[in-house]
Structures are given as C-alpha cells and as structure tokens.
Amino acid sequence: MAAPMLFRWDGLSMLLHRRHHAEAAKHFVIGQSYRLVEQEERSEVSHNHEFGWLKEAWLSLPESIASDYPSPEHLRKRALIATGWCTVTDYPCGSRAEAMRWAAFLRKEVDEYAIVQIERTVVRVFKAKSQSRRAMDKGDFQASKTAIIEWVAKLLDVAPAVLARVQVAA
C-alpha cells in the first residue's frame with residue numbers, strides 16, 4: 001500500500017504533487033480507478049500536548065513505581081500497551097522450558113519498551129503501536145491519547161482532566 005500522497009485541487013481535477021510521481025508509478029496502474037479520501041491532518045498542538053503532559057506525569061510518578069518507567073517514553077509505550085494500542089505476537093512452544101528459552105531470547109531482540117510474557121507454553125510479545133503521523137490518523141491518535149491519559153491518571157490517582165490541563169510551551 002502506498003503512503004499518503006499530496007494532491008492539489010485545480011477546480012477540475014486532483015493533481016499529484018510532483019515529488020510523489022515516482023512513488024505513484026510504483027503503486028498505481030495507468031487507466032485504473034482509485035478512491036481518493038481526504039485525510040485530516042492532526043494538530044501539532046494536540047501532538048505536543050500529549051508529550052507535554054506525559055513528561056509532567058512522569059516527573060510526578062511516586063518513588064515506589066518510578067523505576068518501572070525510566071523515561072516519559074517508557075511511560076507512554078507502557079500506557080499504549082496497557083490500553084490495547086499495541087500489536088500482540090504469539091510464539092507457541094512445545095514445552096514450558098522452550099517457552100522460557102524463547103522469552104529470554106525475545107527480550108534481547110525486541111525493543112526495550114516491548115513486554116514479553118509467558119502463558120503456559122506460549123510466549124506473547126506486546127509492542128506499542130506507533131503514534132507517528134504516518135502510522136495514526138487524527139481519529140486514532142486522539143483515541144489513543146485519551147486512553148493513555150486515562151490510564152496514566154489512574155496510575156497517579158488523579159482525574160484525567162488534571163493531566164489534560166497541562167500547558168505546553170509554544
């Protein structure tokens with residue numbers, strides 16, 4: 001599937017921006033019809049707001065759990081996983097011992113934010129979904145942002161609105 005491409009409406013037709021011509025040639029067939037859907041860009045303010053309140057929340061973590069989240073990024077990724085904004089990959093094994101070996105191997109291979117669990121003879125790897133503009137549209141970003149603000153608020157035992165009020169410097 002092609003990445004989103006930029007078009008300009010000239011009043012008669014949608015014109016592909018020239019920087020996307022080579023990419024379009026790889027993905028589309030001349031003469032074939034394609035659906036064009038407007039993708040609403042997400043707000044830079046909303047994007048920056050998430051990282052602002054997350055940093056403040058991270059700085060407010062109680063000492064008893066602070067070591068579980070070495071950085072604001074660890075907190076964000078753990079919140080994404082905890083709220084279901086993640087991918088889950090299962091590795092079925094023939095025995096519990098094999099599952100334990102696989103888990104040890106996978107913990108070294110996956111990114112530092114992933115969670116590796118063993119359930120009987122299955123190793124399960126949870127990886128947070130990317131919130132990049134390319135990976136998430138405006139709606140999914142807002143839904144994931146809401147989910148993680150609620151999860152972090154519960155972790156800190158504050159109302160989500162308290163975190164939402166954090167102001168971000170421009």
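A salt bridge here is a side-chain nitrogen of Lys or Arg within 4 Å of a carboxyl oxygen of Asp or Glu. The model is predicted, and local features need pLDDT of at least 70, side-chain atom pairs count only at pLDDT 80 or more, and totals for chains, interfaces and linings use all residues. Residues are numbered from 1 along each chain as its sequence is written, and side-chain values use heavy atoms, with hydrogens and water left out.

**Stop 1: the salt-bridge network**

Select Asp90, Glu119 and Arg124, which a network of salt bridges links. Between Asp90 and Arg124, the closest N and O atoms are 2.5 Å apart. Asp90 sits in strand 3 and Arg124 in strand 5, so this pair connects distant parts of the chain, 34 residues apart. Helices (H or I, at least four residues) and strands (E, at least two) are DSSP runs, numbered from the N terminus. Asp90 is partly exposed, at 37% relative accessible area, and Arg124 is also partly exposed, at 22%. On this scale buried means under 20% relative accessible area, exposed means over 50%, and partly exposed lies in between (1.4 Å probe, protein chains only).

**Stop 2**

Now show residues 86-92 and 122-128 as cartoon. These are strand 3 and strand 5, which pair in the antiparallel sense over seven bridges; strands count as paired if DSSP finds at least two bridges between them. Pro92 has Val122 of strand 5 as its bridge partner.

Which residue of strand 5 is the bridge partner of Gln117? The partner is Arg124, the residue that also forms the salt bridge with Asp90. Strand 4 and strand 5 make a hairpin with two residues between them, and Arg120 in the turn has a positive phi of about 60°.

In general, side chains in a regular strand alternate between the two faces of the sheet.

**Stop 3: helix 4**

Select residues 72-82. The buried residues of helix 4 are His74, Leu75, Arg76, Lys77, Ala79, Leu80 and Ile81. Is Arg76 buried or exposed? Arg76 is buried, with a relative accessible area of 8%. The side chain of Arg76 meets that of Glu73 in a salt bridge (2.6 Å, N to O). Glu73 and Arg76 are three residues apart in helix 4, so about one helical turn separates them. Glu73 counts as partly exposed, at 24% relative accessibility.

Next pick His74, which is buried at 15% relative accessibility. Its side chain makes a polar contact with the side chain of Ser71 (2.6 Å). A polar contact is a pair of N or O atoms within 3.5 Å; within protein, one must be able to donate a hydrogen and the other to accept it, and residues adjacent in sequence count only if both atoms are side-chain atoms. After helix 4 comes Gly84, with a positive phi near 90°.

**Stop 4: aromatic pairs**

How many aromatic pairs does the structure hold? There are three. Rings of Phe, Tyr and Trp (its six-membered ring) pair if their centres lie within 6.5 Å; planes under 30 degrees apart count as stacked, over 60 as edge-to-face and the rest as tilted.

Select Tyr69 and Trp151: this pair is edge-to-face, 6.5 Å centre to centre, with 75° between the planes. Tyr69 lies in the loop between helix 3 (63-66) and helix 4, and Trp151 in helix 6 (residues 138-156), so the pair ties together parts that are 82 residues apart in sequence. Tyr69 is buried at 6% relative accessible area, whereas Trp151 is partly exposed at 22%.

Then select Trp102 and Phe105, an edge-to-face pair at 5.6 Å centre to centre and 85° between the planes. Both lie in helix 5 (residues 96-109), three residues apart, about one turn of the helix. Trp102 is partly exposed at 33% relative accessible area, as is Phe105 at 43%.

**Stop 5: helix 1**

Finish with Lys26 and Glu23, whose side chains meet in a salt bridge (3.8 Å, N to O). Both residues lie in helix 1 (residues 21-27), about one turn apart. Lys26 is exposed at 66% relative accessibility, while Glu23 is partly exposed at 29%. The whole structure holds four salt bridges.
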